[in-house]
Amino acid sequence: MTSKIDVSFEVNGEAVSGSVEPRMTLADFLRDEVGLTGTHLGCEHGVCGACTILVNGHTARSCLMLAVQADGQKLTTVEGLESADGTLHPVQEAFSRHHALQCGFCTPGFLMNVVEYLEEGPSTEEKEIRERISGNLCRCTGYHNIVLAVKELAERQA
Amino acid sequence: MTYVGQRIARKEDNHLLTGRGQYVADIRLPRMVEAAILRSPIAHGEIVHLDTTKARALDGVVAIITAEDLAGKVGPITRPFYKTIPDHVARETNLVVRPYRAQLLAEQKVFRVGEPVAVAIARNRYVAEDALELIEVEYEPLEALTDPQSALREGAPQLHPDVPGNIHCSFHTGAGDIEGAFGDAEHALSAQFTVGRSIGSPMETRGVLAEFDRATNQIVMWATQQKPHLLRSYLSEMLGMPEEHIRIISPDMGGSFGGGIYNEEIFIPFLARQLGRPIRWIEDRRENLGNARHTRDQYHDVDVAFNADGTIIGLKDRFLVDAGAYNPFVITLSYNTAAHLRNEFKIDNFDVEGICVLTNKRDNTPVRGAGRTSATFVIDRIVDMVAGFLKLDPAEVRRKNLIPGELMPYDMGMLYRDGGRIVYDSGDFPSQFDKALALADYAGFRQRQDQARAEGRFVGIGISSHVEGSGFGPHEGATVRIDQSGHVIVHSGSNPHGQSHETVLSQVAADALGISPDHITVRAGDTALIPHGGGTFASRSAVTAGSAVHGAATKVRQKILAIASELLEVSQQDLTIEDGRVTVKGAPGTSLSFAEIAEVASPGPGSRLPEGMEPGLEETDYYVPPTVTYSSGTHVAIVEVDPEVGTVSVLEYFVVDDCGQILNPTVVDGQQHGGVAHGIGNALLEEVVYDESGQHLNPSFMDYLIPTASDVPPVTVEHESHLSPLNPLGIKGAGEGAAVSPPAAIANAIIDALRPLEVEITQMPMTPARVWRAIETARSNGG
């Protein structure tokens, strides 16, 4: 078997290190080795967006990254959104209030995408919002309430 | 305060938003190994050589399993996925059903691309997949049947020895006098329709984790399963174990829009027992798109008889279902199509024949809409064709044929699959229709359409309406208990995969008991909770689980009142329950809390129960529906077509639905939004494509397109609530209906947009290529 490579990075403010096969995806490493299972795998070919995390503040599909590529980076997963005292992140709170999740499987990926969008200075135009979240697939909500949640967050920021 | 009908916040959200959900793939057990499955690369053939030696030798491999290892120990699956069809249904529908036999792993032959051939079990999924590459298999290809027409032709190979002519099942039924209707009618027309194959495609792929405990001889298994109790009964039978020794847990599920029992759910627990190690198998997306069961895929040949004023007096349909390799749901899907073909229309003379034909493709089984999407596409296109033939506005012809509100409940003159007569129990279709058209501003749209046409834009409006036999039996169960702290626990036999059971069932229990939902915990998705359960399918949970929770909670309430009446020495009529306290009317100081009553009701010497009463505040209720209840809806789509490239944009979408008593409007709205998006996918994007050799050509999200946020418009939803007389709360199912109408509404809207060209559409999905071709055909015909 291929020799393993040491990696160390920061996840949600905590230092993480491990020894991985070069082929191991970042998503599998986060889920199976670090135990952060909030990052979900919906397609493992970079389309559905369920595995979206932040790498140095920017969205990335953790199914398309290898664990070794994360060496030295700062990662944020869905587990890093909530405050230590259990207060939900404004994006989480808006999703709940607008019933923007049903089965919840795609939700972590949407949340991470929207967190980045809000950082970038979001549009309040519905068409723009739909375009911006179109890289994440959801089969339950029809996106209607997700759009409402994002629109409200964007308007609050405008 | 009444909780049913309120927009109370979901109990499910917090753990799902914070990454604390527990889906099957999130669960790891000590000593767990992982499985990967070698699947057939061809559609039909004999296995002439199979060698697993190299794979077995790979470091990290625990076992390589083929059919030989299972022979005589487990499998095949021979019981179809439903209870027996009642005799009178079989008789009246001229039902013919051939045996069902599905091999767990390919024995000698493979019958479809993707059929499991071998299982690799290894240290982790990576190594298991490495092992698959080392398994040597040679196939001798046989002729593949890839559509029902070729499977029916003279001289076609017969796929299974006990299915002559490849017809797995068929039925022929109807109502009224079909020949008389066609004899009397002023006009008749014929049309053929093709409904493409699609797949439910939940965001979570399927998964199984099974553990066998040698100490207690028990299997515990986590599975993405809509029907955990049904799976337990299959395992009990096939593994030869008492049901009590098998516990199925359906944890958080990332959607699931159809299903049944899968081979992996049988052989993985079998192997976990055999090998004495927990085994996890998580499907990848390629496997999911090819191997989670498919749906729709029908070919209809329709005749309609009508008069010059647009009144439809007779409908004939003979349809073929491309049932795939095994057809485990037998007539479920096809009979649903037949039962819903007339939808909201009063067509008293009806003749329908459904034929399920086996081919070398994946099974064709119920997925959200379950046969109704196909039925609705057919009938709504037919009604608009009648309007087109008579040069009448489609809305006028549709409204003329709706069953008038004053005729409800209306007997459609034939049987439902469960043995009940098809009697629409409640609703007012013309009122629903008028409301939908007003919501969409149908009259005003015609003006906007003229203006758009003047600008060279092709916009159109289309209507579709449907009914849905919802709340299918045979039963659903619930247990309601009040613990010593006064907290309420509800155990449901129906488990959710996104439908908000925790929230809505707590609302039902709260009203029946007289306590806030905040003091209620709902648990589901575990066969250890309750002996019998149905599950979530057939838009049934609000109806059946809702009624069972209502029944059990009502029994607990009666017990609470009986105990309080004794303790407080007043008659039960003089007691009220509010906020978890029983109070004497007019004497607010005299009351008992649920906790105090629970203490009195506990077993033991301190118990002060009325004589003869069993200890404990716990009751179970099994709700057995008399037959299904009929929810309904009318949809209006507004689309724009680009005639140069054939693309269709859905600009606006309107829904008026009737699901009787709404448990939580926010949840129902969400179901409508999601259903419409699913239906838009079916209408415009989604098609599982096989080539003529039976190769599955689009097993990825790059090629099989499910709608993104940019593909669906905002959806405006309004409700009518005509209560069902069939269950105590008047509930009708809301989960699937919204997925039923979009293809029909959108097809009609496309035709309306292209009215000047006189385009005809008879096939879904309406991909850009097909729309473009329809336009070209119309143009070359001089349209």
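B:Arg481 has B:Ile489, in β21(B), as its bridge partner. This pair belongs to the contact between β20(B) and strand β21 (residues 488-492) of chain B, which run antiparallel and are joined by five bridges. The two strands form a hairpin with five residues between them, and in this hairpin B:Gly486 adopts a positive phi near 90 degrees. The coordinates come from a predicted model; for chain B the mean pLDDT is 96, and 100% of the residues reach 70 or more. For the complex, the predictor gives an ipTM of 0.98 and a pTM of 0.97.

Strand β20(B) also pairs with strand β26 (residues 618-623) of chain B, in the antiparallel sense and over six bridges. Within that pairing, B:Ala478 has B:Asp621 of β26(B) as its bridge partner. How many of the residues of strand β20 (residues 476-482) of chain B are buried? Six of the seven are, so the strand is largely enclosed by the rest of the structure.

Chain B also contains an open sheet of seven strands with mixed pairing, in the order β4-β8-β16-β15-β14-β9-β30. The edges are held by β4 (96-97) and β30 (763-764) of chain B; each has a single partner strand, so one side of each is left without a neighbour in the sheet. Elsewhere in this order, strand β14 (residues 294-306) and strand β15 (residues 312-324) of chain B pair in the antiparallel sense over nine bridges. In that pairing B:Phe306 stands opposite B:Ile312 of β15(B). Helix α12(B) packs on the sheet, where it touches β9 (187-199), β14, β15 and β30 of chain B, and its direction makes about 150 degrees with that of β9(B).

The largest nonpolar core has 246 residues, of which B:Ala120, B:Ile121, B:Val639, B:Ile746 and B:Ile750 touch the most other members. Helix α12 (residues 372-390) of chain B supplies the largest share of this core, nine residues. Apart from this core lies another, of 48 residues, which includes B:Val504, B:Ala510, B:Cys659 and B:Leu663. Returning to the largest core, one of its most connected residues can be followed in detail. Beyond its neighbours within four places in sequence, B:Val639 is in contact with B:Val459, B:Gly460, the residues B:Val648, B:Ser649, B:Val650 and B:Leu651, and also B:Ile746, B:Ala749, B:Ile750 and B:Ala753.

Chain A meets chain B through 44 of its residues, which are in contact with 41 residues of chain B. Which elements give two or more residues to the side of chain A that touches chain B? They are α2 (90-97), α3 (107-120), α4 (126-133) and α5 (144-157) of chain A. By residue class, this side of chain A divides into 21 nonpolar, 16 polar and seven charged residues.

Is A:Met65 buried or exposed? There are 21 other C-beta atoms within 10 Å of this residue, and a residue counts as buried if 20 or more lie within that distance; A:Met65 is therefore buried. Not counting residues up to four places away in sequence, A:Met65 touches A:Thr25, A:Leu26, A:Ala60 and A:Ala70. The C-alpha atoms of A:Met65 and A:Asp28 are separated by 9.9 Å, although these residues are 37 residues apart along the chain.

Terms used: Residues numbered from 1 in each chain as written. Chains lettered and ligands numbered in written order. Predicted model: local features only at pLDDT ≥ 70, side-chain atom pairs only at ≥ 80, totals over all residues. pLDDT = per-residue confidence, 0-100. Core = buried A, V, L, I, M, F, W, Y, C linked by C-beta atoms within 7 Å. Buried ≥ 20, exposed ≤ 12 C-beta atoms within 10 Å, placed from the backbone. Helix = DSSP H or I, 4+ residues; strand = E, 2+ residues; numbered from the N terminus. Contact = placed C-beta atoms within 7 Å. Nonpolar A, V, L, I, M, F, W, Y, C, P; charged D, E, K, R; others polar. Pairing = 2+ DSSP bridges. Axes fitted to C-alpha atoms, helices over the stretch in contact; angles between N-to-C directions.
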